[in-house]
Amino acid sequence: MTNTWTDIRNANLILVMGGNAAEAHPCGFKWVTEAKAHNKARLIVVDPRYTRTASVSDYYAPIRTGSDIAFLGGLINYLIANDKIQHEYVRNYTDVSFIVNEGFTFEDGLFSGYNAEKRTYSDKSTWSYEKGADGFAKVDPTLEHPRCVFQLMKKHYSRYTPEVASNICGMPQDRMLKIWEEIAETSQPGKTMTILYALGWTQHSIGAQIIRTAAMVQLLLGNIGLPGGGVNALRGHSNIQGLTDLGLLSNLLPGYMTLAGDAEQDFNAYIAKRALKPLRPGQMSYWQNYGKFHVSLMKAWYADVATAENNWCYDYLPKLDVPGAGYDVLKMFDMMSRGEVRGYFCQGFNPIASLPDKNRVVAAMAKLKWLVIMDPLATETSEFWRNAGEFNNVDTASIQTEVFRLPTTCFAEEDGSLVNSSRWLQWHWKGAEAPGEARTDVAIMSELFLMLRERYRNEGGVYPDPILSLNWPYKIAHEPSPEELAKEFNGYAVKDVTDATGAVVAKAGQQLSGFAQLKDDGSTASGCWIFCGSWTEQGNQMARRDNSDPYGVGQNLGWAWAWPMNRRILYNRASADPSGKPWGPDKKLVWWNGKNWGGADVPDFKPDSAPEAGMNPFIMNPEGVARFFAVDKMAEGPFPEHYEPFETPIGVNPMHPKNDKVISSPVARVLPTVWESFGKADKFPYAATTYRLTEHFHFWTKHCRLNAIIQPEQFVEIGEVLAQEKGIAAGDKVRVSSKRGYIVAVAVVTKRIKPLQVNGQTVHQIGIPLHWGFSGLTRHGYLTNTLVPFVGDGNTQTPESKSFLVNVEKA
Ligand SMILES: Nc1nc2c(c(=O)[nH]1)N[C@H]1C(S)=C(S)[C@@H](COP(=O)(O)OP(=O)(O)OC[C@H]3O[C@@H](n4cnc5c(=O)[nH]c(N)nc54)[C@H](O)[C@@H]3O)O[C@H]1N2
Ligand SMILES: Nc1nc2c(c(=O)[nH]1)N[C@H]1C(S)=C(S)[C@@H](COP(=O)(O)OP(=O)(O)OC[C@H]3O[C@@H](n4cnc5c(=O)[nH]c(N)nc54)[C@H](O)[C@@H]3O)O[C@H]1N2
Ligand SMILES: [Mo]
């Protein structure tokens, strides 16, 4: 989230689109209720289904799955055409005036630089700003230059008229316009809309671009950095934010630093490429500190072994051999299916249930020599080899994989911190002792590490140094405590740390108080720079539980600790106008008091930079302003464009009816063997989407009796019109099939899903919850992911679980 849970109550308008917060985030949803009750906020819901969130909304409109860029692109066009933009904000805080490289083009659905053979933009050099001889980006404050970002954006989205958008989304035009009108009102300075989304936006082959389009809308409206504004990802598992923060993706290091590629063997070049210099005079570009964060990380990992002479052990870090996407799950299971992966550690993960194309995943696992499951439960994955009749129809005798189960504790059975959607690190205390032989994940992994290190020490190996030299300072080597680990993530002084005046700010051995203290000379260590400040000499900041709110804007700075630096709203300098005054009386967050920035939140800015100095608020971008033009950051191009889901019910991209190369995203993650597994509308005419229910958490709560009682049996949702056409009555068993397999479930016939008119045809949508499987206490059922295609977003590789084609028949 750019903002925080408690801040939702400051919104004037709440748009829930691409998520179902009342169902999937029932506790956080109370802040929506607060906004409605105390702030007279309105709630608008856009979802293929009339959801539990929709049932308490002020306005609802249906949409076809996978068409949100058309809706949001249409909205951008509407805001510009009707002059409903926050002019002062847009002019000062965004890149509208920046001039784009002359070679940049968009033709036939493709931007400049596309390589059809590799299905990627291999040349992104034109996706850039024009620079002057001084190295700074050129701007045209009049916004008239034909290649300034404003003009290019206006032209790009002028194609998304209300007719075009409605035709793609299947949303009636009058409803669309009603929503756009209401959203447009928040362009008034001092009025904000918050956008709450989750998987309804991420799980598409164009998911990342849907979210970018939403960010562009919020920038036009001046809603980023303000109370009650922002683009807010409501996250999933209790610590999934912590997972990305700590870099547990194959191409990341902790704190969103990036792993070097094979071609980057030179340490100084690696740092220089990431420590971006300001693109405008007088601007702060925060990533210029990259070297300090990186060296501090290496000091935490390698202590005395990391020295300036050996480039702080840069050679110890693996270098990615695949450019762009790394080893995401689609790639990993594809390699597994070709026998390229011998063993697999599966920790707190149930891939045959949660990954797309279950039969493909099971077949891949059958190629493993060994599989280790670390989980408190006996999951379907730990029994992927078991023939469970129609639910898991495998030939057990032919599967030779050796499976080890290591029972772990569950999150509630240990102390530690979890990072929530608001970026708050909240310390928690164990609620119960773990049963039986269960051990913590930390203990299992530590013991494994110690045994591996011992073998390398005794028997050698190809390159044992990175393992033998790893810093392992914990009191009990085989079970580091959560406190020790948390202190290491925060960071400490290796030697006395001095500030610019030479004064000692942290003595050797002391905890650091924030990342501004980090150095690239080896005097500081920090396991995750964005967590620096969470465990200082003042103690564990994550354990704080003071909910006072002195300014009455719900920032609660004494409750837990938020990264970065306990800041609750990112880019909050933008909550004040260029002269430093808040945009509206009830949106006071941080302001300039004549000497420095202060207020209800920790300023996201250089604290003593006077407004006259003209420094801009978006200090994580070297240009200092927010981007409508994404430069080279997105796989599909600088401006989001609508592409159809890989399985499209209309078989054509109405934006580019003549180019069948861009029906779907030209850069999505499609591994070579996957093309033949896509279905077409002739055999699978209905658009399906998958989702969760309040009563279950994925695939584990079916092991709990109470949850099993309240939601006992697998069902699918079918609209009344389609049910009647197919002769299906409520309670009938139906067979839902895709090109990849089928499931059988009880039909819930509903008014909540209506047929939509899309591109001259009627599109029916089917809703499929995902919680059932062949283990646990519910009635056993089919894994929903039997149906889902094995294709992912071009940036994140997130599978397209929210949009695919099925057929439905009475079973
Ligand atoms: N009770 C419970 N709560 C949970 C979970 C759980 O399993 N159970 N899981 C947690 C996890 S890990 C996550 S990631 C979150 C997920 O939170 P959500 O994303 O809110 O959960 P989903 O049920 O997947 O809801 C997605 C919604 O998007 C809609 N949708 C589908 N396609 C589209 C589309 O193209 N456009 C739009 N606008 N909407 C679309 C669906 O109809 C559905 O209502 O929930 C978390 N909370
Ligand atoms: N079709 C479709 N597929 C989806 C989705 C969808 O909407 N539609 N949603 C996707 C999303 S957002 C998610 S997050 C995934 C979820 O997919 P998974 O993460 O594979 O599913 P979970 O059932 O949450 O599995 C988590 C496992 O962790 C175990 N566990 C709990 N606590 C601990 C612990 O402390 N240590 C260890 N080692 N294990 C623990 C639980 O028992 C459980 O088995 O599913 C994805 N798949
Ligand atoms: Mo999730």
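This is a predicted model: local features need pLDDT of at least 70, side-chain atom pairs count only at pLDDT 80 or more; totals for chains, interfaces and linings use all residues.
I then checked what Lys 430 pairs with. Lys 430 makes a salt bridge to Glu 433, with 3.3 Å between the closest N and O atoms. Glu 433 counts as exposed, at 61% relative accessible area.

**Other salt bridges.** How many salt bridges does the structure hold? I found 36. I noted the pair Glu 130 and Lys 138, whose side chains meet at 3.5 Å, N to O. Lys 138 is partly exposed, with 36% relative accessibility. Next I took Arg 627 and Glu 623, which form a salt bridge at 2.6 Å, N to O. Buried or exposed, these two? Both Arg 627 and Glu 623 are buried. I also traced a network: Glu 23, Arg 52 and Glu 695 are joined by salt bridges that share partners.

**Around ligand 2.** I turned to ligand 2 and its surroundings. There are 28 residues around ligand 2, and those that come nearest are His 237, Asn 350, Ser 354, Asp 375 and Asp 441. I sorted the shell by class and got 11 nonpolar, 13 polar and 4 charged residues.

**Nitrogen atoms of ligand 2.** I listed contacts made by nitrogen atoms of the ligand. A polar side-chain atom of Asn 785 sits 2.8 Å from a nitrogen atom of ligand 2. For Met 374, a polar backbone atom is 3.0 Å from a ligand 2 nitrogen. Last, I checked the cover: on its own, ligand 2 has 920 Å² of accessible area, and the protein covers 88% of that.

Definitions and conventions. Residues are numbered from 1 along each chain as its sequence is written. Chains are lettered from A and ligands numbered from 1 in the order in which they are written. Side-chain values use heavy atoms; hydrogens and water are left out. A salt bridge is a side-chain nitrogen of Lys or Arg within 4 Å of a carboxyl oxygen of Asp or Glu. Buried means under 20% relative accessible area, exposed over 50%, partly exposed in between (1.4 Å probe, protein chains only). A residue is near a molecule or strand if one of its heavy atoms lies within 4 Å of it. A polar contact is a pair of N or O atoms within 3.5 Å; within protein, one must be able to donate a hydrogen and the other to accept it, and residues adjacent in sequence count only if both atoms are side-chain atoms. Accessible areas come from the Shrake-Rupley method with a 1.4 Å probe; for residues, only the protein chains shown count as cover. Ala, Val, Leu, Ile, Met, Phe, Trp, Tyr, Cys and Pro count as nonpolar, Asp, Glu, Lys and Arg as charged, and the others, Gly among them, as polar.
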